[in-house]
Amino acid sequence: MTGFLCIDKPAGLTSFAVVRRVRGILGVKKAGHTGTLDPMATGVLPVALSGASRFIELLPAKEKAYTARVRLGLTTDTLDITGRVLTTCPVRVSPDEIRRAAARFLGDSEQLPPMYSALSQNGVRLYELARRGETVERKPRPVHIAVLEVTDIADDEFTLTATVSAGTYIRSLAHDIGQALGTGAVLTALRRTAANGFTKTQCVTLETLERLQSEGRVSEVLHSVDACLGAYPALTVTAPQAVRFHNGGELAAERLKGLCAPGLYRVYAPDGGFLGVGSLPADGESLLVKRVFADG
């Protein structure tokens with residue numbers, strides 16, 4: 001069973017725990033997610049099964065979309081409502097002030113990763129250090145926020161809808177908006193609505209996955225690896241070239257039909273079988289093997 005599932009992650013579970021549940025339900029030995037969601041968060045969690053895990057970094061869509069509920073007037077050590085309260089203050093800001101503060105973060109900027117995150121420093125997860133009461137220096141990272149909307153403002157809370165580059169922390173974004181307003185802010189809810197080309201409409205719950213497995217219908221929600229890489233042009237090779245590619249050998253570009261520009265290509269055998277992803281460098285002399293597909 002090889003491909004991608006789009007799981008609707010429930011609140012209260014870590015992303016790793018969801019992957020473990022998927023492995024148990026399907027009886028597969030290897031699975032991995034494409035990007036961590038906080039335990040309190042829900043929504044789109046793409047899970048790669050078996051050989052699909054080797055293609056996670058090649059998924060062409062990198063942006064992710066979220067809907068979050070933000071509360072002004074307090075800060076916590078985790079930047080969300082589950083953490084230890086650090087500060088509180090009265091909230092005396094208008095809806096227009098909230099919208100203007102949020103608008104400052106549209107486009108390119110730098111963001112400081114939170115201590116409670118899965119990033120590693122010297123081989124140790126930051127959240128492990130944070131749980132021990134340690135705070136270490138982190139370098140701001142470039143992020144891009146393509147969409148940022150503030151709606152449903154009520155008292156000291158509002159809804160934040162955002163489309164962001166990979167590696168952007170919505171908790172940090174809410175915190176930064178709170179700092180800009182002078183009130184502080186934390187997340188009270190977070191739902192990911194899109195990630196790596198998958199959307200919430202493609203999600204299945206763990207309960208639904210269990211039912212589909214019992215009915216032998218998991219294939220209905222399993223996305224093939226090459227379909228998920230559909231943004232890359234397709235290239236069909238000859239039978240001898242297919243053998244060479246499968247064995248890791250580069251292919252002379254002058255002998256290939258369909259090459260148009262440097263970049264990544266989905267490579268197929270004459271019978272339509274997906275072989276993997278090839279890379280044509282700028283010199284255009286040979287198609288190099290980027291990833292070989294193995295069903296299992």
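Two strands count as paired if DSSP finds at least two bridges between them. Helices (H or I, at least four residues) and strands (E, at least two) are DSSP runs, numbered from the N terminus. Within this pair, A252 stands opposite S286 in β18.

This is a predicted model, in which local features need pLDDT of at least 70 and side-chain atom pairs count only at pLDDT 80 or more, while totals for chains, interfaces and linings use all residues. Residues are numbered from 1 along each chain as its sequence is written, and side-chain values use heavy atoms, with hydrogens and water left out.

## The open sheet and its helix

Now step back to the whole sheet: 5 strands form an open sheet with mixed pairing, in the order β14-β16-β17-β18-β15. The edges are held by β14 (234-236) and β15 (251-252), each with a single partner strand, so one side of each has no neighbour in the sheet.

Helix α7 (residues 239-246) packs on this sheet and touches β15, β16 (263-268), β17 (274-280) and β18. Touching here is contact, meaning heavy atoms within 4.5 Å. The direction of α7 makes about 60° with that of β18; axes are lines fitted to C-alpha atoms, for helices over the stretch in contact, and angles run from 0 to 180 degrees between N-to-C directions.

## Strand β11 and its two partners

Another strand to look for is β11 (residues 157-164), where 7 of the 8 residues are buried (under 20% relative accessible area, with a 1.4 Å probe and protein chains only). Strand β4 (residues 64-72) pairs with β11 in the antiparallel sense over 8 bridges, and V70 stands opposite F158 in β11.

Strand β10 (residues 141-154) also runs antiparallel to β11, joined by 7 bridges, with T151 opposite T159 in β11. The hairpin of β10 and β11 has 2 residues between the strands, and D155 takes a positive phi near 55° there.

## Two helices side by side

Finally, find helix α1 (residues 15-26) and helix α5 (residues 206-214), whose axes come within 10 Å and cross at roughly 15°. The two helices are therefore roughly parallel to each other, a term for angles under 35 degrees. The contact is made by V18, R21, V22, I25 and L26 of α1 together with L206, L209, E210 and Q213 of α5.

Technical notes. Buried means under 20% relative accessible area, exposed over 50%, partly exposed in between (1.4 Å probe, protein chains only). Angles under 35 degrees count as roughly parallel, over 145 as roughly antiparallel, 65 to 115 as roughly perpendicular and the rest as oblique.
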